[in-house]
Amino acid sequence: MSVFQIPDPAASSPILVTGGAGFIGSNFIRLWLARETAPVVNLDKLTYAGNLENFSDLTDRRLEFVRGDIGDVKLVKDLLARIRPRAILNFAAESHVDRSIHGPDDFIATNVVGTFRLLECARDYWQRLDAAEREAFRFLHVSTDEVYGTLAASDPAFSETNAFKPNSPYAASKAASDHLVRAWHHTYGLPVVTTNCSNNYGPYQFPEKLIPLMIHNALSGKPLPVYGDGMQVRDWLHVEDHCEAIRCVLAKGRLGETYNIGGNSEKANIDVVHTLCDILDTERPRADGNSYKEQIAFVKDRPGHDRRYAIDAAKMTGELGWTPKETFETGLLQTVRWYLANPTWTERVISGAYRDWIQKNYSAR
Ligand code: NAD
Ligand code: DAU
């Protein structure tokens, strides 16, 4: 007797990841390829934060890279028509708060206008699918806890019902994008889910963010610049736990819903820096035998600096069964060891050398 299996179109059609050459997107793609069968197409503009060397260890033929802007309507429409994805996961963004304070333009262009255009392309594509494909399609928008603003020490953690009160240009641009995603579901029925996550850390994070910047400066003998009094609190989550949460929301999240994702791991910045110094003192002691803590320098605060973020992830746990696997202590040790084992990755990012081949490869196109 022979058994004929009708191939499940959703199982073989790819997912489209935008911003997959960045920190979280590249970790997500690595995790996806390890756990799932469906191919991945990575659409990334390769801004300063996009680094194809984040994939130098990956030889999986199910991964295709396309260089492009989420706001390039023709490119995105053509791409969707060619690859026919079963889901779009939007990681693409300008992501650094300090940069948004110095120059907000790119944040509006990508996070607001880019997301708008991507939504319009997704809507156009989704409307042309047959009924079964339309039913299976998802637009997953990756966002941040910063949309909720700041908390006082005694406030309860952010839940999905908190009002949006963004304080930085970055946070405002992400809040705007979240609103657009919500409206495209409410008005047009586009099948969307949104995630709002706390501070991530782990391998391949661009060394402008707190943890990789402190590791790099410590090892280079530079000051460790702590903003203000260093008592601002962030809720830290290992990037792999965030990526697992996104996979979970994609598979089981209810349409039109938002899901808060966090590590239940609130730490003051100064404590994070002290812990990093303690780890480095053991793993890579300074030549003079003194602690890296000697390099700590309190510097002028970030304008409008949010005092505290904390995430209530009860909905993720209760509804979808997700909990973080990594503790901050083990995750930070693993992260420091990754940066110590991969000095060339950081050096090439700091020197800009990682962009050389991009110039070579794309300038004549
Ligand atoms: P990142 O800055 O490391 O990477 C962003 C990526 O997007 C880069 O590869 C960049 O080249 C690409 N990109 C930027 N503009 C683009 C455009 N117009 N078109 C196509 N690609 C473009 O950022 P990240 O830390 O990996 O964050 C990814 C997403 O997760 C962002 O949406 C961010 O808001 C969100 N997020 C980040 C954190 C965090 O702690 N890093 C926490 C919660 C949510
Ligand atoms: O909460 C999620 C957000 O976390 C994401 O949406 C953002 O994309 C991501 O960049 C991050 O934003 P933060 O501003 O919290 O991260 P950053 O690493 O820039 O800073 C963390 C804290 O450390 C913050 O309170 C500022 C402080 N800091 C940062 C730097 C770079 C310093 O004290 N010194 C520094 O040099």
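Is Asp-57 buried, partly exposed or exposed? Asp-57 has a relative accessible area of 46%, so Asp-57 is partly exposed; buried means under 20%, exposed over 50%, and partly exposed in between, with a 1.4 Å probe and protein chains only. The model is predicted: local features need pLDDT of at least 70, side-chain atom pairs count only at pLDDT 80 or more, and totals for chains, interfaces and linings use all residues. Residues are numbered from 1 along each chain as its sequence is written, chains are lettered from A and ligands numbered from 1 in the order in which they are written, and side-chain values use heavy atoms, with hydrogens and water left out.

Asp-57 forms a salt bridge with Arg-30, with 2.8 Å between the closest N and O atoms. A salt bridge here is a side-chain nitrogen of Lys or Arg within 4 Å of a carboxyl oxygen of Asp or Glu. Because Asp-57 sits in the loop between strand E2 (40-44) and strand E3 (63-67) and Arg-30 in helix H2, the pair ties together parts that are 27 residues apart in sequence. Helices (H or I, at least four residues) and strands (E, at least two) are DSSP runs, numbered from the N terminus.

The structure holds 25 salt bridges. Another of them joins Glu-319 and Arg-254, at 2.6 Å from N to O. Glu-319 belongs to helix H11 (residues 314-320) and Arg-254 to the loop between helix H9 (239-252) and strand E10 (258-261), so this pair links parts that are 65 residues apart in sequence. Both ends are partly exposed: Glu-319 at 34% relative accessibility and Arg-254 at 42%. Arg-35, Glu-36, Glu-244 and Arg-247 are joined into one network by salt bridges that share partners.

Now to ligand 1. There are 28 residues around ligand 1, and Ile-24, Asp-44, Ser-95, Tyr-170 and Lys-174 come nearest; a residue is near a molecule if one of its heavy atoms lies within 4 Å of it. Polar contacts are pairs of N or O atoms within 3.5 Å. A nitrogen atom of ligand 1 is 3.1 Å from a polar backbone atom of Lys-45, an oxygen atom is 3.0 Å from a polar backbone atom of Thr-47, and an oxygen atom is 2.7 Å from an N or O atom in the side chain of Ser-95. Taken alone, ligand 1 exposes 840 Å², of which the protein buries 96%; accessible areas come from the Shrake-Rupley method with a 1.4 Å probe. Helix H2 (23-35), strand E5 (138-144), helix H7 (169-188) and strand E7 (199-201) each supply at least two residues of the shell, and E5 gives the largest share, 3 residues.

Ser-95 also contacts ligand 2, where a backbone N or O atom of Ser-95 lies 2.7 Å from an oxygen atom of the ligand. The side chain of Thr-144 has an N or O atom 2.7 Å from an oxygen atom of ligand 2, and a polar side-chain atom of Tyr-170 lies 2.5 Å from an oxygen atom of ligand 2. Taken alone, ligand 2 exposes 690 Å², and the protein buries 94% of that. Helix H8 (210-219) and strand E8 (224-227) are the elements that give two or more residues to the shell around ligand 2, with E8 giving the most, 3 residues. Of the 23 residues around ligand 2, Thr-144, Asp-145, Tyr-170, Arg-302 and His-305 come nearest.

Technical notes
A polar contact is a pair of N or O atoms within 3.5 Å; within protein, one must be able to donate a hydrogen and the other to accept it, and residues adjacent in sequence count only if both atoms are side-chain atoms.
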